[in-house]
Amino acid sequence: MDIQSMTKKEIVGIIEDNKGNPSRELLEAAAKTRDKYYGKRIFVRGLIEFTNYCKNNCYYCGIRAGNTAARRYRLTKEQILECCDEGDRLGFNTYVLQGGEDGYFTDEILCDIIGDIKHKYPDCAVTLSIGEKSKESYKAYKDAGADRYLLRHETANDAHYNKLHPDSMSLENRKNCLYTLRELGYQVGAGFMVGSPYQTSETLAEDLLFIKELQPHMVGIGPFIPQKDSPFADKTGGTLELTLTMLSLVRIMLPKVLLPSTTALGTIDPMGREKGFSAGANVVMPNLSPADTRKDYALYDNKICSGDEAAQSIMSLKERIERAGYTMDMGRGDSLMN
Ligand code: SAM
């Protein structure tokens, strides 16, 4: 399947044909592509959700500023370092610091935290996922030691973007941030929710074409899941089938990309993670945040945060990965993309 050279119309056709149920041919092509470059290795990253304060008001998100029902928390530097210590004991070599856009964490504070993690664990990779910042800020984090940055573009279609976000946010800025991050030498992750309100096969095809243009090192794709206190509380969530179709198409489009089988996918289906692997995914991000804060990082309803989602259950996650026919790799797991 030569998706790289397909027109938007042809991509729409493939999405339409596979959205209700990804064909065996599609899933096998994706898994074979992943195997060619990464084999059966599944990389694990320790996720630290360090603040759920956010200045933004994305209509889909449970930690949006306007959600007065959210129980807010932020971790101290000491708590963040304790999460890394715990991760180190468990064998992790990548820490993903994710949070809302929280003004409390100034560049100075963030650089101090990044520097301390890199000082203590020089061989580990630090990934940031803290939203839209200026070039100067991104550069400062890079200089402090950050290696990777996850910033989902959410949708590559302007009109669709504006239906998911208030006027204060723009797709143009989001895309510019991604190009800036690339230019600064980060390993960059883009991505989108599958089944977000007002999404169509056309906007999904535009997501694939944007990803082809950006050539990110990672792509984060998970189903949209409604959150009860958000403006999209009554919208329909994304399906497992369409998520698997989009994972497969991204894997075939960018053979060397790192592709997580997300928590959201594990939330809508008990075997979602494994099904993601069969569609070409090769990363999981168990939760290293303190147990009592995990449920408050409630982007969507019913988020799984215990059992094999908890980094502490790493042995049980390993067994699950092996039962599905893969091996767990706790190395840094850098992307093979240039
Ligand atoms: N603030 C950072 C940012 O903007 O990239 C990182 C945190 S943000 C909450 C992380 C991701 O969660 C978003 O990029 C979005 O795709 C996803 N997300 C938010 N609400 C969601 C929902 N209701 N269902 C599924 N994913 C959701």
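Guide: A residue is near a molecule if one of its heavy atoms lies within 4 Å of it. Keep in mind that this is a predicted model. Around the ligand there are 18 residues. Y60, G99, R152, E154 and I225 are the closest. By type, the shell divides into ten nonpolar, five polar and three charged residues.

The side chain of E154 has an N or O atom 2.5 Å from an oxygen atom of the ligand. E154 is also among the closest residues of the shell. For R174, an N or O atom of the side chain is 3.2 Å from a ligand oxygen. L299 takes part through its backbone: a polar atom there is 3.4 Å from a nitrogen atom of the ligand. On its own, the ligand has 560 Å² of accessible area, and the protein covers 92% of that. The space that the ligand takes is the largest cavity.

Next, the cysteines. How many disulfides does the count give? The count is zero. A disulfide needs two cysteine sulfur atoms within 2.5 Å. The sulfur of C58 has its closest cysteine sulfur in C61, 6.0 Å away, so the two are too far apart for a bond. Seen from C61, the closest cysteine sulfur is that of C58, again at 6.0 Å. Are these two residues buried or exposed? C58 has 13% relative accessibility and counts as buried. C61 has 14% and counts as buried too. The cut-off for buried is under 20%.

Note on methods. Residues numbered from 1 in each chain as written. Predicted model: local features only at pLDDT ≥ 70, side-chain atom pairs only at ≥ 80, totals over all residues. Heavy atoms only, no water. Buried < 20%, exposed > 50% of the residue type's maximum accessible area, 1.4 Å probe, protein only. Polar contact = N/O pair within 3.5 Å; in protein donor to acceptor, adjacent residues only side chain to side chain. Areas by Shrake-Rupley, 256 points an atom, 1.4 Å probe, with all protein chains shown as cover. 1 Å grid on protein atoms, 1.4 Å probe; cavity = no way out; pocket = protein on both sides within 12 Å on 5 of 7 lines; lining within 4 Å. Sits in = over half its atoms within 2 Å of the grid points. Nonpolar A, V, L, I, M, F, W, Y, C, P; charged D, E, K, R; others polar.
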